[in-house]
Amino acid sequence: MRLTCPLCGPRDRREFYYYGSDDYLNRPAEGDGPQAWDAYLHLRDNPAGITHDLWYHDMGCSSWLRVTRNTVTHEIHAVDAVAAPAKGGAK
Amino acid sequence: MAELIAKSALAGHAPLTLAATTLAEAPMTQITAILPFPGGAKAVAAALRPFGLTFPDPNRQSVNGAMRLVWTGREQAFLVGPAAPEMAPGLAATLDGAAAVTDQSDGWAVLTLSGPLARETLARLVPLDLRDTAFAVGAVARSGLNHMQMILTRSDTATYEVMVFRSMARTAWHELAEALQTQAARLDAMS
Ligand SMILES: [Zn+2]
């Protein structure tokens, strides 16, 4: 299995750490009730088809990546950087 | 103040040469991390210009003589070279507010692997396509050396530079020496 890191290019699976669903990107707002936090921490879909994961390029550029893949066909559809490039910042 | 003598991670470690391929510790250099702040790219470029350097694209380095600016991660590059100690204070001043600048010299161990078996030896440990088409002279990769994090540079056709965290120096040496021995033995068996 390979992932194409937006910075580093196509890399072997060994360079990446899998973190689970990208639900972790949708952190509840301050003051949200226990249900919102319960959903954030524990409730996960288990789709047959397209899913979105978080991966960390820990042996590479240290980017958090959002990977869109298909659990049925094992296709990798997209690998996007979670952090938006800083305006006028480094590449 | 006491005069302290800088010691490299593998000081006194003799090079290992097998089948004309040599594993050695590189001479000590100054290593300075430059991490542009958001919005700091222009100021960083302007500060680097007098030194004949540009902030490198991913998997690349910018070279001027013995001075190199090596891409080492997202919005991060290492200034490496013997000239760095003289330039670093001036550069740090011009980069103030544009980038975070820190001395990393004692945090890394730097090894060189050079010779006809260098690429085959690395291929045992590194999950990268090391062929010329994918990893040409001058290419840089932040990748893994077996289980260690590594910064790999192809310095020349048959010469590679391997940077690992200083605490991993002996492990990296052991891994590379073992892989080189395997490759040399295979060559022996075939001849
Ligand atoms: Zn990467």
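This is a predicted model: local features need pLDDT of at least 70, side-chain atom pairs count only at pLDDT 80 or more; totals for chains, interfaces and linings use all residues.
User: Which residues of the protein are the donors of the zinc ion?
Analyst: The donor atoms lie 2.0 to 2.4 Å from the zinc ion. In sequence, the donor residues follow the spacing C-x2-C-x48-H-x3-C. Cys8(A) sits in the loop between strands E1 (2-5) and E2 (9-12) of chain A, and Cys61(A) in the loop between strands E4 (50-56) and E5 (64-70), so this pair links parts of the chain 53 residues apart. The donors are Cys5(A) through SG, Cys8(A) through SG, His57(A) through ND1 and Cys61(A) through SG.

User: What is the geometry at the site of the zinc ion?
Analyst: Ideal angles for four tetrahedral donors are 109.5 degrees. Here the angles among the four donor atoms run from 103 to 119°. Four donors count as tetrahedral if all angles lie between 85 and 135 degrees, so the site is tetrahedral.

User: What radius of gyration does chain B have, and what would a compact globule have?
Analyst: The C-alpha trace of chain B spans about 60 × 45 × 30 Å along its principal axes. For 191 residues, a compact globule would be near 16 Å, and the chain B value agrees with that: 18 Å.

User: Which residues of chain B does the "domain: GCVT N-terminal" annotation cover?
Analyst: Chain B has four helices and eleven strands. The annotated stretch is 23% helix and 39% strand. According to the unreviewed UniProt entry, the annotation covers residues 96-182.

Note on methods:
Residues are numbered from 1 along each chain as its sequence is written. Chains are lettered from A and ligands numbered from 1 in the order in which they are written. Side-chain values use heavy atoms; hydrogens and water are left out. Donors are N, O and S atoms within 2.8 Å of the metal (3.2 Å for Na, K and Ca); water is not among the atoms, so sites may look incomplete. Four donors count as tetrahedral if all angles lie between 85 and 135 degrees; four count as square planar and six as octahedral if opposite donors are over 155 degrees apart and all others between 65 and 115; anything else is irregular. Helices (H or I, at least four residues) and strands (E, at least two) are DSSP runs, numbered from the N terminus. UniProt positions are given in the numbering used here, feature names are shortened, and annotations may be inferred rather than shown by experiment. The radius of gyration is taken over C-alpha atoms; the globule rule is 2.2 Å times the number of residues to the power 0.38.
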